[in-house]
Number of protein chains: 2
Amino acid sequence: MFPRYKARIGDALRLRLPGDGYGAYHLLRYSMGWADAEGNAIVATEGKALRPTLCLFACEAAGGTLERAMPAAVSLELVHNFSLIHDDVQDRDETRHHRPTVWATWGDAKALVAGNVMNLVADASLAELVQKSVSFEDANRVAGLLTQAYLEMIEGQYLDLSYEGRSDVGMRAYLGMISKKTGALFRCALNVGALLGGADPSTVKAFDECGRHLGFAFQIRDDVLGIWGDGVATGKPVGADVRRKKNSLPIVYAMAKARGTDASLLKTVYSSETIDDEAVDSVLQTMDRLEVKEYTEDLVAEHCDATLSTLDDVKLSPEDRKDIEELCHFLSVRQH
Amino acid sequence: MFPRYKARIGDALRLRLPGDGYGAYHLLRYSMGWADAEGNAIVATEGKALRPTLCLFACEAAGGTLERAMPAAVSLELVHNFSLIHDDVQDRDETRHHRPTVWATWGDAKALVAGNVMNLVADASLAELVQKSVSFEDANRVAGLLTQAYLEMIEGQYLDLSYEGRSDVGMRAYLGMISKKTGALFRCALNVGALLGGADPSTVKAFDECGRHLGFAFQIRDDVLGIWGDGVATGKPVGADVRRKKNSLPIVYAMAKARGTDASLLKTVYSSETIDDEAVDSVLQTMDRLEVKEYTEDLVAEHCDATLSTLDDVKLSPEDRKDIEELCHFLSVRQH
């Protein structure tokens, strides 16, 4: 699925973020992996463009031409990248994809404003929908759906922040949070794509449900990699999210499942100011005893299965079916 | 003009930012001046709601009912407030309207995300346009105009940041920057209001031009208050913007006009690490010699005159004409 749309998406994104004399767009081009800090073009180290790929895929799978969905696809990718720029400021992360982050290079103030520019360029992209033979009514509907999804994503990010430092979050609340933070854009990518492709309401709903499971599979796999990921691929040491006391799914599950000494160990470690190597090891050992990795990997596999079965009643070409199966496989084994 | 719309705008804004259980909206209600940090309702210390007032005024003046423009008016005010939340983070300002700012109360990360929520609630408000008997085509057009204006505002903020620490900005570049940073929302408030009120293209254009001059008058008056404002009303000491080495219009003008010892004094002061009381005084004395205050106040008066003359060919009721005259008078003498 990725190679099918990669070049088209890349071209459309570049049109939205042209070079400029004074700088804001230069920071954005840097953050997209197209330019170095001095503004020189570099061999791209771009992201996967997962959300726009899903959007274009759903549009074509539903029988539409991909041009109709391109403004929405571009908007989704730009909003995702806006959220990464701001996330790095919030989390004080100094590198992403092995490169210094925007705030680490240009300071907080410029990173903040550059992120906001990216967010508004994403909105501005939607004005192009009506130029792609989409009716005013549909353009209006799509803009409304995307805006609601973006709002949900940000609300999820706020929830995520509000869970920090708590040891009583619980699985239900955590899953609700990632359904907003990550799921909203996956759902919207697929349902808006299907809608613009001309799908009937039940097909749009099936794609929406498909996106719901994909979002869970993607985020939970992300959480697994945050703890047990291969350092070379992720750029982070094993146990990275434990050291940051991040409330990711493995931790939330471990805290909910642990009893007795396991429970008090987790609570003690997570309530202490900083976590040393020994504490990280003891948390990892506790998770081993509680079979947390197995549980979370099973959860990813379940959502991948569900992703496929939601599309059972949707007429897909054999190629499209194969593409979505490969995507699910990729999501469940990806190392970064 | 303000009392005419104040209650209606307040009600519409409150509907968009309801109380919630987990917090993000609570920060927004605090920032709007409706609640204290614990979430208790307080006697409102709201802003002037200038932009939505202008939008509703233009809609009614053009012959429309104000309901049609309310979603756009709400969006404008929310976007303005989103930018204030982020501005305070960037400028490290700890108080606004004599209250601790959002970041000073809840930290940078939550302030950043809460600002983003506000921005997206502003976008979501536009979905209501079509419920107010606005056609899909006009709703689309209005959303496009607002998005472009918001983008221009943020681009102006980025320009403002990029001018920091420079002594060679020049009047032309500075006026171009404030035309984006402040002017974009004033222009859009009036032209979108007129458009939704049913005005013909030449009237919409006149309102747009009116907003252009109002934006200049407002921002230049703001710059004057940043240096010579009454400390009790503004909450800042005389010379505040000099101490912060802010590139506001009086400074940019002084730097462009100064020759010989005046020029070297300004350059020396603005290139030093920190500015003490004595340095602030010497800059203020230099500005006195260069008659900077007179020049900037004349500029405000010119733009107020131009604001009125742009509407000479627009049919306005005597009440509407009186309202806009009073607004211009208010803008040129306001103390905070």
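Let's start at Ser133(A), which sits in the loop between α6 and α7 of chain A; helices here are DSSP runs of H or I with at least four residues, strands are runs of E with at least two, and both are numbered from the N terminus. This is a predicted model, where local features need pLDDT of at least 70, side-chain atom pairs count only at pLDDT 80 or more, and totals for chains, interfaces and linings use all residues. Residues are numbered from 1 along each chain as its sequence is written, while chains are lettered from A and ligands numbered from 1 in the order in which they are written.

Arg68(A) is 65 residues away from Ser133(A) in sequence, yet their C-alpha atoms are 7.1 Å apart.

On to the partner chain: 37 residues of chain A are in contact with 37 residues of chain B, contact being C-beta atoms, placed from the backbone, within 7 Å. The elements of chain A that give two or more residues to this side are tabulated here.

| Element of chain A | Residues |
|---|---|
| α4 | 66-91 |
| α6 | 108-125 |
| α7 | 136-163 |

Of these, α7(A) gives the most, with 17 residues.

The C-alpha trace spans about 65 × 50 × 30 Å along its principal axes.

Terms used:
Contact = placed C-beta atoms within 7 Å.
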